[in-house]
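Please view the sequence and the structure before reading on.

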Amino acid sequence: MNPLPRAPRSSDATRPSGTTPPAGTTPSADPAPLSGPAPSAVPAAAAGTWTLGDLEVNRIGFGAMRLAQTGAALVPGAVPRERGQAVDVLRRAVELGVNHIDTAAFYFSPLRSANELINRALSPYPDDLVIATKVGQPRDPSGAWLPHARPEQLRGLVEENLRQLGRDHLDLVNLRVVGDGPVAERFGALAELRAAGLVRHLGLSNVRPHQLAEAQAVAPVVCVQNMYGLGVAPEQDAFVELCREQGVAFVPFYAIAAAGRQYGAAAGGAAGGEDPLLVEVARAHGVSPAQVRIAWTLHRGPHVLAIPGTGDPAHLAANVAAGALRLSAAELALLDALHRR
């Protein structure tokens, strides 16, 4: 069975005017480069668009991992975030034109669930909002990781996301993979849910090229979501290019946090300890190193989608504004050398 028919989109009514060219090819025409502090009104559409299957999204999205808590994510005993702040950040993201939110049922802390916060803040959902989620390795109520789900358990994980989000189908489900073993059986279970109408499109998370090829033999793959960023996993460069050649979106995570991973940028040295070269480029544009990291990621190809996450309204505005930052060829050459170093 084909995926669900594309729902009507209201992008002309909800996005700033003059911002969305035909999707799936190249970024939109460059706006004036950022100079000085990042303006809070820069729309997400400034980064250009891409299509996930038949769903057009702005290349600057929002990752929900940090919504449910302050401090470290994905750890037992995390400190719950104030609910109103999380709701406000989500609503502001949509106001800025973000129409791609990445989430998961295992993004939770005591008292808070990212999916339920998204439901509360944004339901009834805008027509052009694409919500991507992940299934594969769940966490128990205490926050401890459980074994990777077997194929017959994946439907329950998909249905958990549906309940929490208040949806009757999911726009995009990524199979989160641990290790480099076979994925066909588990991906096939998700393909069955796609045929049944519970899922529109499928992707992969934390995978290697041979696993992408294996999954593509089962069902179409619209995106790969892997750890990647400036100086983060440079061995992924060839995979990023492979995805471009195949028309598959590449969606990096931890592009800002770097080695800090779920503990954040400061834990990985991506704050005060930034490389002087990166700081120099940031100062030349009057922006933060984090914004340069986002911009560099987007410069890796028109198929690369950024999903920086935050629970702070000011950080949100800066992250979205980074989509308008255009780095010169000389700056990109310097940053590419730093990435490979």
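Is Glu241 buried, partly exposed or exposed? With a relative accessible area of 34%, Glu241 is partly exposed; buried means under 20% relative accessible area, exposed over 50% and partly exposed in between, using a 1.4 Å probe and protein chains only. The model is predicted, so local features need pLDDT of at least 70 and side-chain atom pairs count only at pLDDT 80 or more, while totals for chains, interfaces and linings use all residues. Residues are numbered from 1 along each chain as its sequence is written, and side-chain values use heavy atoms, with hydrogens and water left out.

**Salt bridges**

- Side chains of opposite charge can pair when their charged atoms come close.
- The structure holds eleven salt bridges, each defined as a side-chain nitrogen of Lys or Arg within 4 Å of a carboxyl oxygen of Asp or Glu.
- One of them joins Glu241 and Arg244, at 3.1 Å from N to O.
- Arg244 and Glu241 are three residues apart in helix α7 (residues 237–246), which means a separation of about one helical turn; helices are DSSP runs (H or I, at least four residues) and strands likewise (E, at least two), numbered from the N terminus.
- Arg244 counts as partly exposed, at 36% relative accessibility.
- Arg92 pairs with Glu95 in a salt bridge whose closest N and O atoms are 3.1 Å apart.
- Because Arg92 and Glu95 lie three residues apart in helix α2 (residues 83–95), about one helical turn separates them.
- Arg92 is partly exposed at 31% relative accessibility, whereas Glu95 is exposed at 55%.
- Arg167 and Asp171 also form a salt bridge, with 3.4 Å between the closest N and O atoms, and both residues are buried.
- A network of salt bridges links Asp237, Arg300 and Asp336.

**His100 in strand β6**

- His100 belongs to strand β6 (residues 100–102).
- The relative accessible area of His100 is 2%, so this residue is buried.
- Leaving aside neighbours within four places in sequence, the contacts of His100 (heavy atoms within 4.5 Å) include Leu52, Val57, Phe62, Leu129, Leu305 and Ile307.

**Helix α10**

- Buried residues in helix α10 (residues 313–321) are Leu316, Ala317, Asn319, Val320 and Ala321.
- These buried residues of α10 pack against β3 (62–63), α2 and α9 (289–298).
- The N-terminal end of α10 is capped by Asp312, which has a side-chain oxygen 2.9 Å from the backbone nitrogen of Ala314.

Note on methods
Polar contact = N/O pair within 3.5 Å; in protein donor to acceptor, adjacent residues only side chain to side chain.
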